[in-house]
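Dear colleague,

Please find the structure below, handed over for your work. My notes on what was found in it follow directly.

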Amino acid sequence: MPEQVRERQVEVAGHTLMVREAGDLDGKPLIYFHGTPSSRLEPMFADALAAELGIRLVSFDRPGYGESQPVPFSLASIARDTGLVADALGIDRFATNGQSGGGPFSLACGAVLGARVTRVGVTSGAGPFQEVPGQLDILDDNDQAAMALLPDEAAAAVQFGVGFEPFRALGRATDAEILAGFKKMSSRRDGEVLDQPGPASALVAAMRAALVQGTSGAGWDNVAWCGPWDFDLGAIEQPVFLWYGDEDTFAPAVHGEWLAQNLPTATLVMRAGEGHMGVMEHAREVLETLTAD
């Protein structure tokens, strides 16, 4: 089946989200949560594969990203918004996957939406910063100052977004400069993945769209998963699949290990010598696993 793509604004709880559907629009639904910072365009590397596998690949810009209206949000509120997006698209039950900063939102859907979510995926995702060993120690001065404001002054803590200004500038760079910037921050294996046309074009498109409205979306992302998580991990009863690389420079392996230890239904795949872009390199495995009957 040839790949299909459609986009539209969906109103949820008084604000609008830009939603993208791709792959097989009549296929098995999987909702994909983009990274931090990124946008709904991130999973376009898997559009053709999703069509081949009969998967309806849904993604949306979180508030303040891309073309979605900026509003404050949390892990649980995005999970509730996801349920409303699914309602608007006529989707009853679905799988989820969250890449990088999108990982906690995928987990939140499993807890908040219960039986509507069939399987939960996390690829190179963030764990709770306040509980994963050593992660608070690696935050820079700006992020430490923002952390000190949580949980009582969440709106002020959106100063986390200041740290994403270099990414905003990168989004206005040439394609080659965007790729070179990411390769500089990434593992050797990630650089090899981004040498491939599909992953490269997806990353460039996602970054160009990500921060056109500013950095508030990225700031609220960090508030959501650096501060106390507002859902109960223990409420996740679905199968959870965790994919990580042990040379990830963005989401160290300890995040996957902590989640595996604290989620009784989790299966952890830790790949030696791999980094942050494993979801692109192993897209078939991820999609097939999450949409299996």
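The sulfur of Cys109 lies 19 Å from the closest cysteine sulfur, that of Cys226, which is too far for a bond. A disulfide here is a pair of cysteine sulfur atoms within 2.5 Å, and by this rule the count comes to 0 disulfides. Cys226 is likewise in no disulfide. Cys109 has a relative accessibility of 0% and counts as buried; Cys226 is also buried, at 1%. Buried means under 20% relative accessible area, exposed over 50% and partly exposed in between, with a 1.4 Å probe and protein chains only.

Please note that this is a predicted model, in which local features need pLDDT of at least 70 and side-chain atom pairs count only at pLDDT 80 or more, while totals for chains, interfaces and linings use all residues. Residues are numbered from 1 along each chain as its sequence is written, and side-chain values use heavy atoms, with hydrogens and water left out.

Pocket and cavities

The largest pocket holds about 870 Å³ of space. Of the 39 residues that line this pocket, Thr36, Phe164, Phe167, Trp225 and Phe250 are the closest to its centre. Helices H6 (175-185), H8 (197-210), H9 (216-226) and H11 (278-281) are the elements that give two or more residues to the lining, and H9 gives the most, with 3 residues. By class, the lining of the largest pocket has 22 nonpolar, 14 polar and 3 charged residues.

The terms are as follows. On a 1 Å grid over the protein atoms alone, a cavity is a set of points where a 1.4 Å probe fits but cannot get out, and a pocket is an open set with protein on both sides within 12 Å along at least five of seven lines; lining residues have an atom within 4 Å of a point. Grid points are joined across faces, edges and corners, and a volume is the space filled by probe spheres set on the points. Ala, Val, Leu, Ile, Met, Phe, Trp, Tyr, Cys and Pro count as nonpolar, Asp, Glu, Lys and Arg as charged, and the others, Gly among them, as polar. Helices (H or I, at least four residues) and strands (E, at least two) are DSSP runs, numbered from the N terminus.

The structure holds 2 cavities of 30 Å³ or more. The largest cavity has a volume of about 90 Å³. Of the 13 residues lining the largest cavity, Trp243, Tyr244, Arg271, Gly278 and His282 are the closest to its centre. The largest share of this lining, 3 residues, comes from E7, and its residues divide into 5 nonpolar, 6 polar and 2 charged.

The second largest cavity has a volume of about 60 Å³. Among the residues that line the second largest cavity are Leu30, Tyr32, Leu57, Asn97 and Val286. Strand E3 and helix H12 (283-290) each supply at least two residues of this lining, and the largest share, 3 residues, comes from H12. By class, this second lining has 10 nonpolar, 1 polar and no charged residues.

Arg56 belongs to strand E4 (residues 55-60) and, at 10% relative accessibility, counts as buried. The side chain of Arg56 reaches the backbone oxygen of Leu89 at 3.1 Å. Leaving aside neighbours within four places in sequence, the residues in contact with Arg56 (heavy atoms within 4.5 Å) include Glu21, Asp24, Leu30, Leu89 and Ile91.

In helix H10 (residues 253-262), the buried residues are Ala253, His255, Gly256, Trp258 and Leu259. These buried residues pack against helix H3 (103-113), strand E7 (240-245) and strand E8 (266-271).

Backbone details

Two peptide bonds may be of interest to you. The bond from Thr36 to Pro37 is cis, with omega near -5°; Pro37 sits in the loop between strand E3 (28-33) and helix H1 (47-53). The bond from Leu150 to Pro151 is cis, with omega near 5°, and Pro151 lies in the loop between helix H4 (141-147) and helix H5 (165-171).

Ser100 has a positive phi, near 60°, in a residue other than glycine. Ser100 lies in the loop between strand E5 (94-99) and H3 and is buried, with a relative accessible area of 14%. Ser124, which is not a glycine, has a positive phi of about 55°. Ser124 is placed in the loop between strand E6 (117-123) and H4, and is buried at 2% relative accessible area.

With kind regards

Conventions
Polar contact = N/O pair within 3.5 Å; in protein donor to acceptor, adjacent residues only side chain to side chain.
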